Amino acid sequence: MNSMTLSLFLHLVSVVVWVGGMFFAYMALRPVAAAVLEPPQRLTLWAGVFGKFFPWVWTSVGLILVSGFYMLMLIGGPAAPHYAFTMMALGVAMMLIFAHVFFAPYSRLKRAVAAQDWKAGGAALGQIRKLIGINLSLGLLTIAVVFLGRAFA
Ligand code: HEM
């Protein structure tokens with residue numbers, strides 16, 4: 001296996017874990033949790049779910065960055081096709097949004113759940129929901145940009 005194939009494999013597995021995880025959380029778990037659980041159970045569930053999911057997102061972010069910049073170098077650096085730079089810009093935006101979620105509303109959610117402050121927890125979860133909705137859209141858009149870019153390159 002050459003290093004381009006290995007990098008692309010790690011890149012795509014990481015994208016599947018991150019974007020697929022956001023899709024499941026947003027489209028499947030969120031509406032059902034909102035319909036069947038009261039705030040104390042619902043906020044405790046989400047703090048636990050994010051506690052399990054976010055370390056995988058950090059791992060994915062690291063692998064996407066390393067594999068992405070390595071492949072960018074292999075396919076010509078500054079001479080790489082435009083869609084690769086669009087992907088890089090969207091990818092970096094997604095990573096900054098994730099880092100913000102992790103260090104701001106997610107840490108507020110954990111503190112609120114520990115203190116059983118369901119009002120503050122609800123506010124933090126609302127911000128996380130909005131930001132993950134944006135990141136899920138950006139992730140799907142990025143995949144579309146890459147495939148359209150390749151089709152027309
Ligand atoms: C810093 C961020 C990123 C960089 C520098 C980067 C760079 C690259 C490069 C250079 C390739 C190989 C392109 C080619 O061979 O034509 C690639 C492939 C790909 N990337 Fe990224 N990427 C980044 C983030 C992302 C993100 C966030 C997603 C999706 C949400 C993504 C989705 C893809 C897909 C689907 C491919 C496969 C394209 C194919 O070979 O058909 N990338 N990436």
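The iron atom of the ligand has as protein donors H11 (NE2) and M87 (SD), lying 2.1 Å from it; donors are N, O and S atoms within 2.8 Å of the metal (3.2 Å for Na, K and Ca), and water is not among the atoms, so sites may look incomplete. The model is predicted: local features need pLDDT of at least 70, side-chain atom pairs count only at pLDDT 80 or more, and totals for chains, interfaces and linings use all residues. Residues are numbered from 1 along each chain as its sequence is written, and side-chain values use heavy atoms, leaving out hydrogens and water.

**Exercise 1.** Describe how α2 packs on α3.

*Solution.* First, take the axes, which are lines fitted to C-alpha atoms over the stretch in contact, with angles from 0 to 180 degrees between N-to-C directions. Those of α2 (residues 39–74) and α3 come within 11 Å and cross at roughly 155°. That makes α2 roughly antiparallel to α3 (angles over 145 degrees count as such).

Next, look at the contact (heavy atoms within 4.5 Å): its residues include F54, W58 and L65 of α2 and F85, M95 and F102 of α3.

**Exercise 2.** State the angle and axis distance for α1 and α5.

*Solution.* Helix α1 (residues 3–36) and helix α5 (residues 118–152) pack at about 130°, with axes 10 Å apart.

Methods:
Helices (H or I, at least four residues) and strands (E, at least two) are DSSP runs, numbered from the N terminus. Angles under 35 degrees count as roughly parallel, over 145 as roughly antiparallel, 65 to 115 as roughly perpendicular and the rest as oblique.
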